[in-house]
Amino acid sequence: MFFQQATIFLLPGFLRITFHKISYSDEWSSLHLHRRYGKIRPVYLERGTFLKQIAVIGGGASGMAAAITAAKAGATVTIFEKSPRVGKKLLATGNGRCNISNRFCTIDRYHGGDPDFILHAMQTYDVDNTEKFFNDMGLMITELEDGKLYPRPLQASAVLDVLRMEAERQHVQTVCNCEIEEIRPRGRDFLLLSGEKSFAADAIIVAAGGEAAPQLGGTESGYRLLHKLGHSITQRIPSIVQLKTDVTTIKPLSGMKIDGTVRLFTGKKEVRSQFGEILFTDYGVSGPPIMQISGSASRLLHEDRSAILLLDLAPELQQKKLYFLLKSRAFTHSERSLEEFLVGMFPKRLGMCAIKTISPVPLSRRISELADKDLQALAAQLKAWRLTVKGTNGFRNAQVTAGGATVKEFNSNTMESKLVPGLYACGEVLDVDGDCGGFNLQWAWASGRLAGTSAANKHL
């Protein structure tokens with residue numbers, strides 16, 4: 001048997017030697033040596049066959065899902081992770097409980113340049129499929145409020161543990177503290193460069209995540225890799241993040257929480273509304289409804305458009321009904337001070353702050369000194385407390401990146417690049433972001449598994 005050349009490369013725990021045969025056909029004959037537990041075990045493949053080498057760049061949610069799925073399909077898979085360990089960001093999701101998915105995943109919960117791009121992945125690997133994926137690995141799922149799915153132990157570490165165990169069971173190799181700096185297509189395969197090290201792979205899955213939470217591993221590296229290969233990258237902005245607002249009228253409320261409806265406007269157009277617990281802070285507002293609409297507000301600011309919040313702090317009452325309640329209250333308790341006017345109806349600090357925004361009358365004065373127009377203004381204030389959005393708390397405090405690699409340059413049925421055959425991308429690195437509540441992790445699992453299956457099954 002004659003050979004033109006032998007290509008040798010070494011990964012931790014794995015040695016591969018591939019011989020390219022000179023013959024009248026393009027068939028390969030390969031010898032793979034697996035070094036495990038200190039022993040060398042040779043695996044001989046028949047002529048014309050090979051174990052497909054897949055490199056997954058990023059060991060987060062989508063990367064681990066892609067790696068496990070590709071390995072199950074028969075590929076030899078290596079995860080390259082720049083951090084000391086995989087899944088660091090996953091441990092922080094859902095306040096440490098890991099909101100795995102959401103029972104009510106619909107396309108309107110996703111945003112980006114082309115939300116329809118997600119349809120095939122989300123239908124192929126839907127929520128029920130995700131639940132089975134984890135059940136098969138031994139993780140039980142429980143459903144809590146609003147369709148949110150969590151691991152039964154309510155610990156993110158349980159999710160990461162089963163992913164690690166399954167990856168090990170599928171012989172997925174992991175190389176940590178290794179940031180891939182460049183991908184070089186070489187015709188039939190790819191060369192990956194990291195400092196002075198180089199690795200070869202038949203297919204690449206870029207699952208490097210986004211810029212959100214850099215302290216947990218958020219990075220721009222995935223965008224840089226794809227951009228060098230010709231892909232367009234949209235502007236990235238923080239999403240699922242606290243909002244900075246004008247605090248003139250709410251400064252005394254810092255630290256207070258109250259249920260209400262948040263409505264986001266640009267000009268006279270209502271963009272979005274969300275009900276939930278609003279948290280007032282020294283920089284603006286936070287809480288679930290704020291986090292939910294923050295992506296839309298962030299996009300408006302990025303487009304140099306106004307972003308106005310109207311807080312309805314009595315959503316169960318129409319404004320007219322609230323006015324009559326206030327009028328009746330003023331008549332019944334006319335001897336009380338303005339400081340005490342709304343005690344029992346709203347938190348005392350909130351009531352005092354609301355009155356001070358609509359009237360110059362000192363809070364020590366009696367309620368009877370409020371004019372009818374003041375009561376009407378107070379009802380309006382409590383139903384539509386206006387705050388101008390000035391910015392966000394940035395990527396460091398964001399849970400998700402909005403924006404990323406333009407999805408029109410990828411095949412939605414396979415997640416493969418239309419520009420570079422054999423290159424795939426999944427998860428947050430793409431221009432797809434979801435609402436708060438498990439939607440982003442569902443996209444990570446679905447897109448990662450689709451990329452892993454497609455990369456493993458494609459014939460070179």
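I looked up the sheet of β7, β10 and β9 in this predicted model, and I found three strands in an open sheet in the order β7-β10-β9 with antiparallel pairing, where two strands pair if DSSP finds at least two bridges between them. Helices (H or I, at least four residues) and strands (E, at least two) are DSSP runs, numbered from the N terminus. I noted that β7 (101-102) and β9 (141-143) stand at the edges, each with a single partner strand, so one side of each has no neighbour in the sheet. Helix α3 (residues 127-136) packs on this sheet and touches β7, β9 and β10, its direction making about 140° with that of β9; contact means heavy atoms within 4.5 Å, and angles run from 0 to 180 degrees between N-to-C directions of axes, which are lines fitted to C-alpha atoms, for helices over the stretch in contact.

On numbering and thresholds, I recorded that residues count from 1 along each chain as its sequence is written, and that side-chain values use heavy atoms, without hydrogens and water. Local features need pLDDT of at least 70 and side-chain atom pairs pLDDT 80 or more, whereas totals for chains, interfaces and linings use all residues.

I then turned to the open five-stranded sheet, whose order is β11-β6-β5-β15-β24 with parallel pairing. Its twist averages 20° from one strand to the next. Strand β15 (residues 203-206) is joined to β24 by three bridges, and I found Ile205 opposite Tyr424 in β24. Helix α1 (residues 61-72) lies across β5 (53-57), β6 (76-80) and β15, running at about 165° to β6.
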